[in-house]
Structure formats: structure tokens, C-alpha cells
Amino acid sequence: MLDLNTKKIKKNAYRVTKVRGETASRVRVPGGLLTAELLPLIQNIAETYGNGRIHLTTRQGFEIPGIKYTDMDAVNALLQPIIDKLEINQEIPGKGYTSAGTRNVSACIGSNTCPFATYNTTNFAKKMEKEIFPNDLHFKVAFTGCANDCIKTRMHDFGIIGMTEPQYEKERCMGCQACVKACKKKSVDALSVENYRIVRNTEKCVGCGECVINCPTRAWTRSPETYYRLVIMGRTGKRNPRLAEDFLVWATEDAIIKIVKNTYAYVTNYIDKEAPGGKEHIGYIIDRTGFEEYKKWAMEGVELDPRTIVKGPVYWSGIHYD
Amino acid sequence: MGYQTTTEKMNAIFSDLSKDYLIYAPKRFVGDGTFTSIDTIRYGEITDLAEIEFAEKSDYSFKEVLLPISETLFYFTENEMKEADAPKKGAIVFLRSCDLHGLKRMDTIYLENGAVDTYYKRLRDHTKFILMGCENSFENCFCVSMGTQQSKDYDAYLKVDGDTVLVDSRWDYLDTALTDATPAPVIADSVTTNDTVVTIPETVPQTLFDAPFWEEYGNRCIACGRCNFVCPTCTCFTMQDIFYTDNGKAGERRRVWASCHVDGYTDMAGGHAFRNDKGQRMRFKVLHKVNDYKRRFGTHMCIGCGRCDDVCPEYISFANCINKLNTLVNDAAKEEN
């Protein structure tokens, strides 16, 4: 007879499914990028221990259903080379994923491929994964290359949106206005013309880089530094689904990593100890403590670039069903 | 006269020359490209041979040295005006054979096509040209088809090989400076074939000007003008009269690059424009490069550097357009017979 500790199973990234006796294994792929050689390994698990099917998760992982609970040790052994190759932090080698609360860190395809992306989203996602996984607390973090937000960071606890600060060399500009048209039609209409040259409204500019992409003479180029917009506490769910709001604009990589890590201490301190399954979305905790208390914890020891704008107080809207 | 010398010696010579010349060469601008983490090779000032990008084709040509993207011609206030000062120093420009042929096209337009352009001439008269060899053809080059793979019209040829520099000098200053260097036979590297081969029709009949052939380009071209801006033989400019915002009685006249693909190029007083269709703009450019210019000046305008094909964001190939046009001309001739 089966005698299972479901709490332990869930923390080991196995799901308690609706099918009696069967579980599903979740394979995390930080940044959503993997080498094709890993696909046969996932196929092998699905065909040997699962039901031959693989579900592509919304967080860019794989979920392998139809696995018997009794085969979890064998599946963990087969997961090991995938865990090694993707350089996942692991507390006990050979035992699979040792946490599941902090979800796979996902990313849009980013500047490896996409012409709009302002940075390598995969690399930043992997770096973040290294900093925060494994952890049982329920954190969702996503990275997107530009303000188009294809990965939908605004539905995450932490969304990181790439920004470049456009550099204008006026002597290379002949006034074709390709940038002005692109900004007006594809972005936020932050550019205007004065004496045939371009004026950038720095308060409106979202750092999407459309001006750089559309400039035919390299009058517009990217800043050497990449900046980020950090949006926080978006969520789906039954009670109050909502989009994340801006917290930092023109922020740096270091500041963002520090803030996310600080949030773990904040959640540990304030989480509802009676929360079902020990799981409570961060946003609801902030709703309870107030934003200023969260900000105090989040900004502890954070060094900001002089360009960084810190928003506050932050208010969220969304739909209330409660 | 040919010499073999060292990079150290050559850099010392250029260091002396920099008192009187600004030295321009194709160099790598890291992260300067259209997309994230993409470099651009374009012209900038150098102080050391190591800064020169010999291994790759430059994305933009040397033309911006002689024809700045934006150049103030004169300043005006009320009843007076003053011409902008010429640069205090001359220029030394490193460039490849095709671009040296491009220089001839620029000279034809600015010096030999009616009135001499004084703003061009005052830069041109104080510029020396140093040839960079081509050991291999780059992607999209078709210099051999255009007959521009070799050029003798240089002040010097220079090749860097590790610490060794080979020089073929036609400039007395360099001959004097290299008196102690080892004499050596130096022949400029040049290619004999390109992957891209272009066949230009001898004449393009007037009947093809409105051919459906151009319509496809009308659907593909986005009128960004990149093909014009990277082209060493595109020499069009327009004027901008500026009135300073804090004193409307003073201002300046600038001339800036213009592009026959970009909106506004054919705008006339009253708002009329006669090439609104982008396919017609393509037709105008292509036939100017390989037909009209030759009728007037005896050589084709295009020098086959292929930069237009390198840069087009919509993957429109100028070279392939000429070849397709050639087929069309031949087919039309067969029909007539």
C-alpha cells in the first residue's frame, strides 16, 4: 500500500494529481533556454515512467504526467543530468529538485535572438535563479527584454523589463525622423523635432530602443549600461487579480537582485503562519502590512544608481472579487 | 616606392602626421549597432594602427569624412553672414579599392559637374588616401563585376602583418619618413573573384520604367534610406536653415545627407511629390547607379561594395535586382525580335 508524505512530495517538485497513484514531475528550465540534447532525456523519462506525454508549462518548464509515486526515486536519478546541465542549485544530489515554492525563473527569448530586446534575458534569469533557488517560499520572477513585455512580467511578483538609455549624437542626424515616427507609432511618442533635430522627453521615454533600431545613421545608439524597470506584485488568482506596478525605473541588475532577496526575509517575517500549505502570495502580505513596511525591508542595503527612480507609495488596482 | 617597416615606426610617423592631419579609419564601435550587443564598423579618428578594423568590411563608407552627415555651411544674422571655418587640420583616410573608386564618383559630382562645390573642395584638397588591401572578398561584394577591385589612385598602400608593416608610398612625406626602412616590392592585395556576380544591361529601355517588376519593391521597401546612407556614391544633400531659438535674428544653414528612398525627397513647393511609390524610388536609385549616371559621365556610379545589400533590414538585394533587371531587358529584346 502507498504511504506518502504529500507535503514532502510537493516540495520535491512532484504534483499530487487527480489520478490515484500517479504524480507528475516538473522540470525547471531557468530563462527558458536549453540545449536540444536534453530533450531526449526528458523524452526518456516520459516514455519510461510517465504516460508518454509532456506538458509545456506556462513558466517554460516541462511537466511529465502519469508517473507512479513508487518510481519517484528512479525519475530523480534520470533528472540528475538535466539538473546538472542546467546548473540548478541542488541541496541533496540525486534527490531531484529540493524545493518547488520559488518557481522557475522565466524569460522571453531576449537579445540572443529578438531585435527589440535590450539585454540577455536568459543570462539574467539564470543569475537570479542561482540567487533565489531552492526556496520553499512562493515567488514568481520573470524577465522580459523590452517594454513590449512578451513574457508578461506584469503578472508576476517581480517583473524585470529591459531599458536602454538612448544616446543622441546630433552631428550624425540628418533629420529623417524615422525615430520620431517609430516612437509615435510603436512606443510612447517621446520624441519631437526642434530645428530639424530631435528632442527626447526623458520623463516619457520608456527606454524601448525603437529610436536606436530605426536610426539609419547611428545618431541614436544604446547606452553602454543596461537599465531595468522593476515591476512588482502582479498576480492572477481568485480574489484580486492585478497587474504589477512600477517600483524602480532605470534600475541596475545588482539593485534588483538585492531587492528580490530582501523580500524573502520580509515574507519569512510576515507570512500568515496559518496559510494553507504554507503558501501565501507576497502581494497579499503587502496588502496586509502596507507598502511602506515592505519598502523598508526591500530597500535594506540596496545601492541605487543615481539615475534610478524609486516609486512610492505604490498602489495596485485590478479586479476585486472578495 | 615600397618599404618594409614596423608598426612601432609607422605609428610614430602617424603620430607626427597627426599634428597636421586627423586620421580616419574604419574602426569597431562596440555595441553601437542597430540591435543589442551588435557592433558597427564605421569611420572614426584613430591614433594607432591597432585601432583599424582590417578584417571586416565597414558598415558605413568613408564618405562622411568628406561629406559630413550634417555640416554647417554658414552663419547669418540680420544683414551679415559668415562662412563656417574649414577644419584646421587636413585628413588622412584609410579605405579599400572600391571606396577609392567611390571617391572618383564623389569628385565627379562635387568638382566636375558644373560649379565646383567649395565646401567639398576645401576638405578634399587637404585629404590623403591610404589604401587597405582585400585578401578575400567579403559577403555581398561585387567589385569585380564593377571593375573596382584594384585602384592605383592612392597616396599610400599599407598592410599590417603582425609587427611588420608593408607600405607602397606615392607621397613624398612618407618617402622621406621611411628613408631608413627596408626597400621592398609591395603590391596591394586585391581579389580576383566575388561570390556575387552582377551583369548590368547595356541599356534599359524606357518601356521598363513602369514595368510591374518594380511593384514588388514597393511592397518590400520601408523607405528607411539605409541603402543610400551606407553607399559611398550616394551624394545627395538637402538644406536646413536654422533660427536659434533664443534669438530668432541669428541662425545657420546646414547641409545634411538626403536619401531618394526617404519620404520628402521629391517634395515640391505646394506639397506635390512625384515619387510617392517606393517601387518607383527603387527604380530611380537602381537606374541612377547603373544606367543614368553612365550615360552622363561614362562610368557606372555603383562601385560594387555591396553595403546596401549588407544593411537592408528588409533583405532587398540591389545586386539581385540588377541581375533580374538584366534578364528582363534580355527578354524584352527577344520579344521585339
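Contact is taken as heavy atoms within 4.5 Å. Axes are lines fitted to C-alpha atoms, for helices over the stretch in contact, with angles from 0 to 180 degrees between N-to-C directions. Helices (H or I, at least four residues) and strands (E, at least two) are DSSP runs numbered from the N terminus. The structure is a predicted model, in which local features need pLDDT of at least 70 and side-chain atom pairs count only at pLDDT 80 or more, while totals for chains, interfaces and linings use all residues. Residues are numbered from 1 along each chain as its sequence is written, chains are lettered from A and ligands numbered from 1 in the order in which they are written, and side-chain values use heavy atoms, with hydrogens and water left out.

In chain B, helix α1 (residues 7-17) lies across β1, β2 (21-29), β6, β7, β8 and β9, and runs at about 100 degrees to β1(B). Helix α3 (residues 97-111) of chain B also packs on the sheet, where it touches β3, β6 and β7 of chain B; its direction makes about 125 degrees with that of β6(B).

The sheet of chain B is open and consists of eight strands in the order β3-β2-β6-β7-β8-β9-β1-β10, with mixed pairing. Strands β3 (40-45) and β10 (182-183) of chain B are at the edges with a single partner strand each, so one side of each is left without a neighbour in the sheet. Two strands count as paired if DSSP finds at least two bridges between them. Strands β6 (residues 90-96) and β7 (residues 127-132) of chain B are parallel and share six bridges; B:F94 has B:I130 in β7(B) as its bridge partner.

Strand β9 (residues 164-169) of chain B is antiparallel to β1 (residues 2-6) of chain B, to which five bridges join it, and B:T5 is opposite B:V165. Six bridges link β9(B) in the antiparallel sense to β8 (residues 156-161) of chain B, with B:L158 opposite B:V167. Two residues separate the strands of the β8(B)-β9(B) hairpin, in which B:G162 has a positive phi near 65 degrees.

In chain A, helix α3 (residues 72-85) comprises 14 residues and spans 20 Å from first to last C-alpha, close to the 20 Å expected at 1.5 Å a residue, the expected span being 1.5 Å times one less than the number of residues. Just after α3(A), A:E87 adopts a positive phi of about 55 degrees.
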